[in-house]
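Grab a pencil and have a look at the fold below. Try each exercise yourself before you read its solution.

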Amino acid sequence: MSTAFPKMISFRARATGYYPDASPLEGGFVDRIGNPLHTLQDVIADQSPYVSCAMDSDVFPYGTRLCIPEMDALFKKPIEFRVVDTGQAFEGKGTARIDICCADKAASELDMVNKELLIVALTGCHASQGRLEHDKCEL
């Protein structure tokens, strides 16, 4: 009997920040299936299990787990990101764009979430299969 392991892929993407807000630009307080958005700041404060992010839904199924090694290093702990959101800005962008959910407008404008970042994605392994293990994120 063989054991299947998730496959890791890495790529660089242009990151931008967004935040839960009722405005048409920000898109609301819930992800694409109606669950509450989780912010980077909540995860840093150990108040949430993962950070919500938006990417091209044709490439990343709901719940795809991501790691951003630069964020792990910056905050000195593993931070799990999950693709749970999308929008018109991501259609056809593939791996080129990611939006990271932040606590508010000011946090969404910080340089750490508005630049090109190395992203590590676990394919074939979604949120229902448990949390991302930190050592799986390292390249």
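**Exercise 1: an aromatic pair**

F60 has a relative accessible area of 3%, so it is buried. Keep in mind that you're looking at a predicted model.

Task: Work out how the rings of F11 and F60 are arranged, and which parts of the chain they tie together.

Solution: 
1. The structure holds one aromatic pair, and its members are F11 and F60.
2. Their ring centres sit 5.8 Å apart, with 40° between the planes. Planes under 30 degrees apart would be stacked and over 60 edge-to-face, so this pair counts as tilted.
3. Now find them in the chain: F11 belongs to strand β1 (residues 7-18), while F60 is in the loop between β2 (51-54) and β3 (64-67). That's why the pair ties together parts 49 residues apart in sequence.

**Exercise 2: strand β5**

Task: Find out how covered β5 is on each face, and which strands it pairs with.

Solution: 
1. Start with the count: five of the five residues in β5 (residues 97-101) are buried.
2. In a regular strand, side chains alternate between the two faces of the sheet.
3. Sort the residues by side: R97, D99 and C101 go on one, I98 and I100 on the other. Both faces are covered.
4. Next, the neighbours. β1 runs parallel to β5, with five bridges between them; G17 has I100 as its bridge partner.
5. β2 runs antiparallel to β5 and is joined to it by two bridges. Here A54 partners D99.

Notes
Residues are numbered from 1 along each chain as its sequence is written. This is a predicted model: local features need pLDDT of at least 70, side-chain atom pairs count only at pLDDT 80 or more; totals for chains, interfaces and linings use all residues. Side-chain values use heavy atoms; hydrogens and water are left out. Rings of Phe, Tyr and Trp (its six-membered ring) pair if their centres lie within 6.5 Å; planes under 30 degrees apart count as stacked, over 60 as edge-to-face and the rest as tilted. Helices (H or I, at least four residues) and strands (E, at least two) are DSSP runs, numbered from the N terminus. Buried means under 20% relative accessible area, exposed over 50%, partly exposed in between (1.4 Å probe, protein chains only). Two strands pair if DSSP finds at least two bridges between them.
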